[in-house]
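Reader: I'd like a close look at one pairing here and at the part of the fold around it. Could you walk me through it, with the cut-offs as you go?

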Amino acid sequence: MSYAHRIEGDRPIKLSEFDSTEDAGLRHEEAIQRTDRIVAELAELQELMSASRQRSLLVILQGRDTSGKDGTIRHVAGALNSQSCSVASFKQPTEEEMAHDFLWRIHAETPAKGQIKIFNRSQYEDVLVVRVHDLVPKHVWRERYDQINAFERLLTDSDTTVLKFYLHISKQEQKRRLLERERNPMKSWKLSAGDWKDRELWDEYTAAYEDVLNRCSTASAPWFIVPADKKWFRNLAIAEILLESLKPFRQGWIDRVEEIGRRERIAIEEYKRSRENS
Ligand code: ADP
């Protein structure tokens with residue numbers, strides 16, 4: 001059972017249909033224990049994935065300001081081995097990045113075989129902030145949905161699992177979090193007047209997100225809407241999808257790792273024999 005909503009693309013969705021406060025009737029403590037168990041299993045799978053080097057995993061996190069992209073990374077990715085899991089954050093493009101096509105900087109960060117990569121923001125900013133703030137003409141961003149779909153198809157055809165999460169918070173919850181940041185000195189580094197300004201464009205962002213979810217959720221690179229008003233539920237929902245998506249590969253990875261072990265044992269035996277004879 002999944003706690004987040006997979007967008008199947010069979011009918012157009014509206015964000016207002018999804019309840020951001022959903023928690024599947026779970027209690028806080030129960031959800032945290034479940035998440036811990038899932039993340040521990042995920043870490044074991046990560047080791048196998050890394051050792052077998054057959055596939056990679058790309059996790060895309062998108063959401064409005066304060067929706068919990070950083071928190072998800074801390075709680076879910078934080079428990080994974082940093083030798084084969086890393087984060088790429090996409091901010092306003094640099095001059096060099098602007099001099100290339102919009103996918104140039106994205107492609108450079110995609111995970112190698114055996115690796116997990118988490119995108120904190122992504123190629124989707126180029127049809128979100130760029131569209132809402134009119135940073136390029138409409139005829140340019142309009143083409144990008146198809147370009148993104150083709151790009152992601154290339155990744156999935158090249159043995160990358162691509163999972164995309166929209167962290168769904170309500171307008172009230174965003175206000176609460178923005179005010180909390182202002183009160184909490186430990187969170188001052190996150191303060192930005194731009195967040196309040198973007199909040200005024202809430203409906204424009206809603207329309208832009210709905211287009212992303214309706215146009216770019218594919219069978220091989222699906223979008224999930226994650227109820228994110230409750231941080232502990234958000235973490236559980238994402239961790240669970242990551243685990244379920246990787247589990248089917250477990251046996252294949254075990255077989256591959258055993259095969260590598262067998263080959264190396266033969267090579268070691270041959271080496272030892274050659275030393276005995278010399
Ligand atoms: P965050 O808000 O994710 O913690 P920042 O405060 O550094 O991190 O924000 C990054 C900013 O970069 C966001 O406002 C985001 O919209 C912007 N950004 C990301 N990608 C692009 C892009 N392609 N074009 C314009 N702005 C972008």
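Which residue's side chain meets that of D70 in a salt bridge, and what is the N to O distance?

Author: Happy to. This is a predicted model, in which local features need pLDDT of at least 70 and side-chain atom pairs count only at pLDDT 80 or more, while totals for chains, interfaces and linings use all residues. Residues are numbered from 1 along each chain as its sequence is written, and side-chain values use heavy atoms, leaving out hydrogens and water.

The partner of D70 is K190: their side chains meet in a salt bridge at 3.9 Å, N to O. D70 belongs to helix α2, whereas K190 sits in the loop between α8 (171-183) and α9 (193-199), so the pair ties together parts that are 120 residues apart in sequence. A salt bridge here is a side-chain nitrogen of Lys or Arg within 4 Å of a carboxyl oxygen of Asp or Glu. Helices are DSSP runs of H or I with at least four residues, strands are runs of E with at least two, and both are numbered from the N terminus. D70 has 33% relative accessibility and therefore counts as partly exposed; buried means under 20% relative accessible area, exposed over 50%, and partly exposed in between (1.4 Å probe, protein chains only).

Now follow α2 itself. The axis of α2 (residues 69-76) comes within 10 Å of that of α11 (residues 231-246), and the two cross at roughly 60°. Axes are lines fitted to C-alpha atoms, for helices over the stretch in contact, with angles from 0 to 180 degrees between N-to-C directions. The two helices are therefore oblique to each other, since angles under 35 degrees count as roughly parallel, over 145 as roughly antiparallel, 65 to 115 as roughly perpendicular and the rest as oblique. Their crossing is right-handed. On the α2 side the contact is made by G71, T72, H75 and V76, and on the α11 side by R234, N235, I238, A239 and L242, where contact means heavy atoms within 4.5 Å. By class, this contact has four nonpolar, four polar and one charged residues. Here Ala, Val, Leu, Ile, Met, Phe, Trp, Tyr, Cys and Pro count as nonpolar, Asp, Glu, Lys and Arg as charged, and the others, Gly among them, as polar.

Helix α11 also packs against α1, at an angle of about 30° with the axes 9 Å apart, and α1 and α11 are therefore roughly parallel to each other. The crossing of α1 and α11 is left-handed; by the convention used, the near helix is turned anticlockwise from the far one by less than a right angle for left-handed, and clockwise for right-handed.

For comparison with your pair, consider two further salt bridges. E30 and R34 meet at 3.5 Å, N to O; they are four residues apart in helix α1 (residues 28-52), so about one helical turn separates them. E30 is partly exposed at 26% relative accessible area, and R34 is partly exposed at 28%. The side chains of D126 and R144 meet at 3.7 Å, N to O. That pair links distant parts of the chain, with D126 in the loop between β4 (116-120) and α5 (129-132) and R144 in helix α7 (residues 144-157), 18 residues apart. Both D126 and R144 are buried.
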